[in-house]
Amino acid sequence: MRSAVIGFVLGVAFLQTQASLPAVWLLCGLLLLATWPAVAACKIRHPCFKSAANMLAGALFGIVWAALFAQYYLQHELPPAWEGRDITVIGTVDSLPSYFESGARFNFAVEKVLDQDGVSPVVPKRLALAWYQAAGQPLQVQVQPGARWQLTVRLKRPHGNANPAAFDYEAWLLERNLRATGYVRSDQKLALKNRQLQAFVFSPGNLIEVLRSRLRERILQALPEHRYAGVLVALAVGDQRAIDQSDWEVFNRTGISHLVAISGLHITMIAGMFAAIMAALWRRSFFTKAALPLLLPAQKVAALSGALAALCYVLLAGFGIPAQRTLYMLLAVALALWSGRITSVSHVLCVALAVVLLVDPWALLWPGFWLSFSAVGVILYTSVGRSQTVAVEGKSLISRFLGVLKMAGATQYAVTIGLLPLTTLLFGRVSLIGPIANALAIPLVGLMVTPLTLFASVLPAPLSTWLWRGAHALIEQLAAFLNWLSALPFAVWQAALPQPWTFALALLATLWLLAPRGWPLRWLALAGWLPLLLDNGSRPGAGEMWVTALDVGQGMAVLIETADHRLLYDSGPAYSPASDAGSRAIVPYLRARGITGLDALVVSHNHDDHSGGALSIMSSVKVNTVYSSLPLEHPIVKAAADHRRCHDGQGWQWGGMKFDMLYPDLDHYPVREAALAASKKHNPNADSCTLKVTHGKHVVLLPGDLETAQERKLIASQAGQLKADVLLVPHHGSGTSSTAAFLAEVDPQIAMFQVGYRNRFRHPQRQVLERYQALGIETLRNDHDGAIMLKFGASITADTYREQRRRYWYGR
């Protein structure tokens, strides 16, 4: 059975790396083919052959199962013709809504689509919607789970930013069967169509979401203005969206983020608690004279009670992967006990693994899947079949406590060491202070905070309020300690994402290191970690330059690298007060590449889509020099260690690379400041720092958001100096830029359009795009291609992330 499950996992994983799905006839053939190894395994009893045959059968079935799942989900699609059009739908809110400063987000199950001008739109069954409030006004509508609404919406097909080592939003939407995203139209005329038709529509899913919503509201109302109320919400109902981003950074740096959720540890604890209580009561026949243990053994009652408690908690938690894994393992153990069968822990783990992927074949795309199952695997590897000392000699309470403490310490050591290669592969960093933080956080959160939070959930006020405040006080004290730990200079070890061979070598070394006592030369295993620890990531070779235009949505962010230097031109947009391109896309990419500092950051001008991520970048990596046209009182200028105003004539050289600032001239700043002092309108696009990068015979021109007037000035002042092989398209392809005269002067081979998918400015304008295409210029676009990667050597090699890492769900 175990070999078949391993094969099933490999088959599902193979399917999720494919650029397209197999045809139905091929899937039928694979399904028939999968029966042959199973039949052969039954006839040939040799263990090795049987395991190999079962693994092959499992792999073929995994491919077929995952492909059928994907085809079913992908058939519910929004046709491109209906993107950006007003559509009126009737349906129910089928998720726990999340509220933010300017509105609410929720999932919507469509029941009916109203005809639009006599035509019936084709709309997917489930939508991810946002409902924005009017500017400067509080949100008027409170969206409740299970409510039936009539809404007028504008939709678009699933799309996310596509960058190396970044979160795959499109896969996340597919996993949840959300086949379109959009927003509720709140124009005065259309808003009249938005109305609630029924307060609650019963279904098991809606009932669970209502319970989760009410419990979340109770906690937040009981803890107004309490910073860590969101942590208690996460522990109670699995909703982590109320936790501040800065707190997440502390939790990640200290390695305890797995505790700020409903983890397997919490579920096991609750299941064990209910099982122990029910077993005790059952043995005493609920204080009656009935001999209930004679009718049904107390062990079976305990197993059933623990399994039911775990099921209820997992449903309340939102059914995350760690929670699923624990639930399925507990159910397997309970089933084995009820059936009188003795089962091994490895069989239980394989059952959980198979069920998770049968229910959700995309689960293995996420770090939680691998960390959850790998942690259990490490514990099994270091415990099963080895002598374990639960208590030292003697029966005193202190000796028993020391024995349990020793066991917990050994387990924590094994998990920390065992997950190091995987953590480096998934996140590119390891918390060195994680064991210390977990030694305090695990018992505090698992044995005190979580029980207090859950007990309070079933108690009336004011008892519930007192318990929640007590739990919050404990979290507050823990957070103070974690903040101190996180600030230590050695708190986190940062590394580039490892190469496959370095990861495989480190994994083998880890298994060797954690082998049983007596295994020869275990200390030599540390040498297997050296390639992983010393890997500085990919770098341009001598005489090479790399240019990467990251996919940050409607904004600009271009990284320029040589073997020894790095410059970032612009920092992308701010998405919300708590999120920006710096923290969401740029910093993760830099960390994945092992880049811990930038020699220079150029912020072209004072527009949010160019400067929105700068502060996040400057707080996460070292930036030596900031060049910008920003006002001197701007927060970015004040935060910079070394700030320089960009102006023409400015230049520097890094090895074989030459940088020349072409615009604006020094006289531009007094004119701008005089206009602002006179309360005259000023367009920051006119301030755009224009940078020319020369590498050997190749030239890259980065003009920011220059418009027609500035292009004319540039042509006049830099005549004959604008020729470039690669042009970052001015102002994202706006109709006010990329004039014919400017393109004739630059004469690029490649043009990079940094634009967001279906952005509200409609960039690039059709006539501008056609202008580039008419000149035979190769056009690359972030919204279509994802991150754009150019390599400059003897020639220019262009690649794009969506082409390099093609997946069947991209563009669907």
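This is a predicted model: local features need pLDDT of at least 70, side-chain atom pairs count only at pLDDT 80 or more; totals for chains, interfaces and linings use all residues.
The expected span here is 1.5 Å times one less than the number of residues, and helices (H or I, at least four residues) and strands (E, at least two) are DSSP runs numbered from the N terminus. Residues are numbered from 1 along each chain as its sequence is written, and side-chain values use heavy atoms, with hydrogens and water left out.

Staying with α11, its buried residues include Ala298, Val301, Ala302, Ser305, Ala309, Tyr313 and Ala317, where buried means under 20% relative accessible area, exposed over 50%, and partly exposed in between, with a 1.4 Å probe and protein chains only. Just after this helix, Gly318 takes a positive phi of about 95°.

On a 1 Å grid over the protein atoms alone, a cavity is a set of points where a 1.4 Å probe fits but cannot get out, whereas a pocket is an open set with protein on both sides within 12 Å along at least five of seven lines, and lining residues have an atom within 4 Å of a point. Grid points are joined across faces, edges and corners, and a volume is the space filled by probe spheres set on the points.

The second largest pocket holds about 870 Å³ of space. Of its 26 lining residues, Leu349, Trp370, Phe373, Ser374 and Gly377 are the closest to the centre. Two or more residues come from each of α1 (2-15), α13 (345-359), α14 (367-381) and α19 (500-513), with α14 giving the most, namely eight. The lining divides into 20 nonpolar, five polar and one charged, on a scheme where Ala, Val, Leu, Ile, Met, Phe, Trp, Tyr, Cys and Pro count as nonpolar, Asp, Glu, Lys and Arg as charged, and the others, Gly among them, as polar.

And how many cavities of 30 Å³ or more does the structure hold? There is one, and the largest cavity has about 50 Å³ of space. Among the residues lining this cavity are Val231, Phe251, Val445 and Leu482; helix α18, residues 463-486, gives the most, with four, and the lining comprises nine nonpolar residues, no polar and no charged.

Turning to the sheets, one is open, with eight strands in the order β17-β16-β15-β12-β11-β10-β25-β26 and mixed pairing, where two strands pair if DSSP finds at least two bridges between them. Its edge strands, each pairing on one side only, are β17 (643-645) and β26 (796-800). Strand β25, residues 788-792, runs antiparallel to β26 and is joined to it by five bridges, and there Ile788 has Thr800 of β26 as its bridge partner.

A further open sheet has seven strands, ordered β18-β19-β20-β21-β22-β23-β24, again with mixed pairing, and its edges are β18 (651-654) and β24 (778-781). Within this sheet, β20 (690-695) and β21 (698-702) pair in the antiparallel sense over five bridges, with Lys692 opposite Leu701 in β21.

Finally, Arg762 sits in the loop between β23 (750-753) and α28 (766-774), and Arg762 counts as exposed because its relative accessible area is 66%. The C-alpha atoms of Arg762 and Gly735, 27 residues apart along the chain, are separated by 9.8 Å.
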